[in-house]
Amino acid sequence: MRKLFGIGSLAVLMLVVSAQGTRAQVVKLGVLRGMTWSDGYNLNETGDVVGVSGNDGGLYHGFFVKTKGPQAFQMIDLGTSPNIYSAGEEVNNFGLVVGWEESESKLYAFAWSPHLKAKIDLGALPGHTHSFARAVCDIGLIAGTSISSDWNDWRPVVWTPDRAGKTWTIHELNTVGLEQVTEWSCWAINNAGQIVGDGWDTVEGKQQPVVWNPAKGEKEWQPTKLETPSDYPSGGAGDINECGEVVGWVAFQDGSLALPALWQPANPRRGPWKLTILPTLADPPIGFNNIDEINDVGDMVGSSVDSAGAGRAVRWRLSDLDVIYLLGYPGVSSYGGGVSNSGIVGGWYNDGGHDHAVIKRFRSK
């Protein structure tokens, strides 16, 4: 793996100093060697970040970077050769990274950590060629998508680990009752094994969000549709926390307006889930507004479009669902991606030319 030595001890100091509100220092994570931009997709409780870093020619590689310790801000390239595409999608609290890579016209889901000697190809369903890994929890369950060679068949899947955590077995998620839904994607999984994702309903012509609950004593997951209102029939589920609370978006059928959505369960493991639409920066709302992630203590982060039409990194709180907070990222646009229970948030901002992956602390521990 190639490494780029980043911004060093000064950035570490700025990150770990506790600060109140949104006035804490925004720390740039840098870019991979030979690249010009970076986006932070996800982070864990210790502040390890994964995402992508690319160049102006369209090439991008996944990255992993620690933000604490002796190797802080040394960005690790998750690509295995210069001219392939890859992405680091999520990292758990033990440093296990999942994502995907292109190799010889095949896209394959992988698992990687600093302790593994190489990236592990997670494989695809029988008869399929491609796969994506989007999410991993602390017990090593990985969620994603398996895809046919012609890209026409997308199935939701979960990979279960062996006891050593070095090999995984793929399972297709149950979609009984959802036969009209295609192009499945899984986006998040919690430590209880609950998975959220969405697919395209070919009959109703909308995106359908779903939560899967693991069945007792079986390697099987049962799906439940998440509610979408009649005036915003499409929806996407992007994250689920340990309390079974789900976040994402609901949208007009034509996709011209999307609003930040929260689904709260009556029972964390069984539902049903009740939908609440959260506030946006613009009033009336415009554009695509989305909650990217929710932690276990009530913080939600994502992006909302302001009255000038720019997407801004924002935060919501379960304790006051009527308020939206700017995260204070610089640039002409920004996105809040990944939030820890200890008050660290990631994402990126755009300076008018390039994206920059960032991290900041918005709340003291």
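## A hairpin to start with

In the hairpin made by strand 16 and strand 17, four residues sit between the strands, and G205 takes a positive phi near 65°. Strands here are DSSP runs of E with at least two residues, numbered from the N terminus. Before going on, a word on the source: this is a predicted model, where local features need pLDDT of at least 70 and side-chain atom pairs count only at pLDDT 80 or more, while totals for chains, interfaces and linings use all residues. Residues are numbered from 1 along each chain as its sequence is written, and side-chain values use heavy atoms, with hydrogens and water left out.

Two strands count as paired if DSSP finds at least two bridges between them. D201 stands opposite K206 in strand 17.

## Strand 17 and its other partner

Strand 17 (residues 206–214) is largely enclosed by the rest of the structure, because eight of its nine residues are buried. Buried means under 20% relative accessible area, with a 1.4 Å probe and protein chains only. Strand 17 is also joined by five bridges to strand 18 (residues 221–225), and these two run antiparallel. V210 has K225 as its bridge partner in strand 18.

Look at S303 and you'll find its bridge partner in strand 25, A313.

The largest nonpolar core has 16 residues, and L29, V49, F63, V65, M75 and I359 have the most contacts inside it. Such a core is a set of buried Ala, Val, Leu, Ile, Met, Phe, Trp, Tyr and Cys residues joined through side-chain atoms within 4.5 Å. L29 touches residues including V49, V65, M75 and I359, where a contact means heavy atoms within 4.5 Å.

F110 lies in strand 9 (residues 106–112) and is buried, with a relative accessible area of 0%. Among the residues F110 touches are L78, V97, W100, I120 and A133.

Note on methods
Buried means under 20% relative accessible area, exposed over 50%, partly exposed in between (1.4 Å probe, protein chains only). Lists of a residue's contacts leave out its neighbours within four places in sequence.
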